[in-house]
Number of protein chains: 2
Amino acid sequence: MGRGRKSPVATGKPTIYDIARLGGASPSTVSSVLNGTWKARRISEETARRIEALAGEHGYSPNMQARGLRRAQSGLIGMILPLHDNRFFASLSQSFEVNARERGWCPVIASTLRNPEEEIRIVKTLISYAIDYLFIAGATDPAALGKLCAAAGVPHIFIDLPGDDAPSVVSNNFGGAEALSRKLRELMAPQGDDARDKLYFFGGDATDYATKKRIEGFRSVELTYRDRIDNDQIISCGYSPARAAREIEALCDRLGGLPSGLLVNSLTAFEGVMSHFVRLPPDAFDHSVVGCYDYDPFAAYLRIPVHMVRQNSHGLISRAYDLVDGGETRPIIVEVDAELIPPQTIYKNPLSELG
Amino acid sequence: MGRGRKSPVATGKPTIYDIARLGGASPSTVSSVLNGTWKARRISEETARRIEALAGEHGYSPNMQARGLRRAQSGLIGMILPLHDNRFFASLSQSFEVNARERGWCPVIASTLRNPEEEIRIVKTLISYAIDYLFIAGATDPAALGKLCAAAGVPHIFIDLPGDDAPSVVSNNFGGAEALSRKLRELMAPQGDDARDKLYFFGGDATDYATKKRIEGFRSVELTYRDRIDNDQIISCGYSPARAAREIEALCDRLGGLPSGLLVNSLTAFEGVMSHFVRLPPDAFDHSVVGCYDYDPFAAYLRIPVHMVRQNSHGLISRAYDLVDGGETRPIIVEVDAELIPPQTIYKNPLSELG
DNA sequence: ATGAAAGCGCTAACAA
DNA sequence: TTGTTAGCGCTTTCAT
């Protein structure tokens with residue numbers, strides 16, 4: 001395979017030169033037929049058909065590296081996120097990909113495992129592959145990544161955690177936490193024990209943007225019930241189930257039982273909480289209400305009722321693509337509301353029906 | 001930016017020509033320094049340092065399209081799978097990506113939404129991007145995809161569903177279903193009602209390879225308890241939660257209650273099953289045992305005990321990379337065992353601690 | 001309506 | 001120890 005002088009189609013992938021020789025046409029004619037610009041070049045319908053047939057027969061497919069090199073763009077659209085193995089991010093991935101393909105882009109999704117150096121390395125790699133656009137979701141250092149993209153001339157957008165040099169689409173974390181806190185507060189039945197009768201905010205990382213906003217929402221509600229927030233009401237012990245299990249046990253020990261209200265800030269922390277809860281007698285939950293920021297269909301069916309907040313991952317991605325389509329580059333922030341889901345409710349995700 | 005005649009570094013990404021001019025060296029020297037082959041070319045340490053410094057200053061990063069075009073390989077490794085938004089596949093993605101990066105590859109993960117035409121289109125796209133290797137996980141038509149890859153000279157490996165023209169790494173579905181069926185059978189307490197005292201296999205697609213194998217495992221156990229399998233014992237109603245909810249309700253109506261034993265063949269079907277179960281009184285489950293093929297941490301904590309099978313997604317991917325590393329191309333089949341997980345058990349996934 | 005030729009950024013012979 | 005050069009497969013003027 002290869003240039004005109006080489007042997008006829010035998011092994012490897014055919015190029016436009018092969019098809020050109022086979023079809024008695026020039027490489028440029030073949031090129032324009034095969035990339036759909038032949039009408040503009042006023043190639044005859046007949047030639048076009050002949051070339052297309054030939055290409056089909058020989059299983060021609062364009063070499064995107066060559067095309068990209070020449071056109072100075074790749075057709076790739078990148079997204080980085082912390083990890084695949086997480087309901088929220090996996091759902092972002094799914095929407096990201098479907099939207100990308102609808103627009104003729106080839107999506108490349110990379111997970112950083114929340115490692116800041118890896119994050120940088122991966123973005124550099126994606127830039128090396130000449131991605132045409134980058135979605136930055138849940139980065140540990142959005143600003144640094146934005147800078148890298150800007151230096152390389154790669155347009156980008158921030159998802160979930162905002163950046164400052166490009167548009168951002170973020171969940172309304174304040175509103176979601178407010179709604180969940182309010183619901184839990186409404187259902188809380190004080191037991192006459194000051195330490196237990198507070199609403200506790202549990203899990204997550206208080207230095208990350210989303211958690212900060214959620215804590216603000218939580219505070220705004222809690223302050224309508226009490227005149228101050230105690231330090232011990234906010235236990236941001238990270239996302240690890242194992243850590244969460246230890247911390248919730250410590251809390252229950254300290255309180256001499258469950259708190260009247262508990263707002264868990266992530267599904268993974270909630271996993272840890274549950275691993276402790278199952279060891280308690282059923283009546284331990286009689287005077288407690290529990291909520292979780294993030295949704296899981298099975299968490300909806302636990303032995304204790306769990307109020308949940310479902311982030312609108314599809315909405316986040318849709319709004320982001322709206323901005324991409326509109327060529328928005330200013331550092332505006334778009335907020336997308338989250339949704340309160342009562343216990344024992346299955347949220348119907350159209351894609352989840354695919355199992 | 002660009003060739004020697006162009007203006008100095010100002011806008012866009014610098015190329016080796018820019019660095020060469022700035023460093024008073026030739027493009028090929030710069031090239032070999034920047035791609036790490038400079039020792040073999042016996043470039044002086046001093047030159048190498050100088051070039052590297054310059055590249056750093058100017059934020060040089062190689063153009064992988066150009067490199068790939070020249071080297072006839074891209075550094076990309078692809079994987080296709082049905083969907084991101086699924087615990088098992090998301091877990092495959094995570095392992096696939098970590099392993100790829102350890103080996104210096106750039107992973108590209110594509111989801112097909114179980115659409116056969118999309119599957120083909122996506123594989124063709126990946127081939128256009130000159131991926132160096134393809135992981136084919138859970139394809140609807142593995143053979144067709146294998147053929148495409150073969151034609152393009154792309155080495156590939158099948159995950160979960162085997163193909164016939166390259167190595168395959170699959171879950172031991174027979175063994176997993178056998179173990180789960182046996183466990184359920186051990187715990188089943190006959191109620192003296194022939195229709196209810198059977199073990200029912202519920203959900204999934206009986207035409208897909210994995211489900212077929214699981215049904216075989218189920219049958220082998222069930223036949224040690226009964227002398228025949230009735231047609232109505234196998235209800236492969238797909239993966240949709242909505243469909244599963246309807247079918248389980250129909251089954252319970254028909255039996256006048258829950259079956260003594262139920263083996264649900266996927267988490268998504270189990271979601272549908274649960275949405276029916278929560279409407280039943282608690283004592284409805286007193287004489288039933290329930291199992292689910294696939295693991296979910298919250299399903300472990302439901303109000304009814306659920307025995308689960310956790311597929312070893314990390315093991316599948318590890319074994320696959322072993323074969324890749326070993327250059328295996330023969331159509332061998334490697335089986336990886338699945339693991340029975342008792343109710344109320346959290347399987348500790350090292351990556352899940354990242355939340 | 002089509003062909004010839006230059007060049008995208010990089011690598012790898014081959015020279016020196 | 002380093003430079004020169006051809007060419008990877010494609011697109012795109014510019015000719016014809």
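Which residues touch the most other members of the largest nonpolar core? In this predicted model, they are Ile131(A), Ile159(A), Ile131(B) and Ile159(B), within a core of 92 residues. A nonpolar core here is a set of buried Ala, Val, Leu, Ile, Met, Phe, Trp, Tyr and Cys residues joined through C-beta atoms within 7 Å, where buried takes 20 or more other C-beta atoms within 10 Å of a residue's own, with C-beta atoms placed from the backbone. Leaving aside residues up to four places away in sequence, Ile131(B) touches Ser74(B), Leu76(B), Ile77(B), Gly78(B), Val108(B), Leu126(B) and Val154(B); contact is called when C-beta atoms, placed from the backbone, lie within 7 Å. There is also a second, separate core of 86 residues, with Ala269(A), Phe277(A), Val289(B) and Cys292(B) among them.

Some bookkeeping: residues are numbered from 1 along each chain as its sequence is written, and chains are lettered from A and ligands numbered from 1 in the order in which they are written. Local features need pLDDT of at least 70 and side-chain atom pairs count only at pLDDT 80 or more, while totals for chains, interfaces and linings use all residues.

As for confidence, chain A has a mean pLDDT (the predictor's confidence in each residue, from 0 to 100) of 92, and 94% of its residues reach 70 or more. Residues 1–11 of chain A stay under 50, with 17 contacts beyond four places in sequence in the model. Where pLDDT is low, the predicted coordinates should not be read in detail.

Now the pairing. The same surface serves both, as 100% of the contact residues of chain A recur in chain B. In contact are 60 residues of chain A and 60 of chain B. The chain A side splits into 29 nonpolar, 22 polar and nine charged residues (nonpolar: Ala, Val, Leu, Ile, Met, Phe, Trp, Tyr, Cys and Pro; charged: Asp, Glu, Lys and Arg; polar: the others, Gly among them).

Note on methods:
Contact = placed C-beta atoms within 7 Å. Buried ≥ 20, exposed ≤ 12 C-beta atoms within 10 Å, placed from the backbone.
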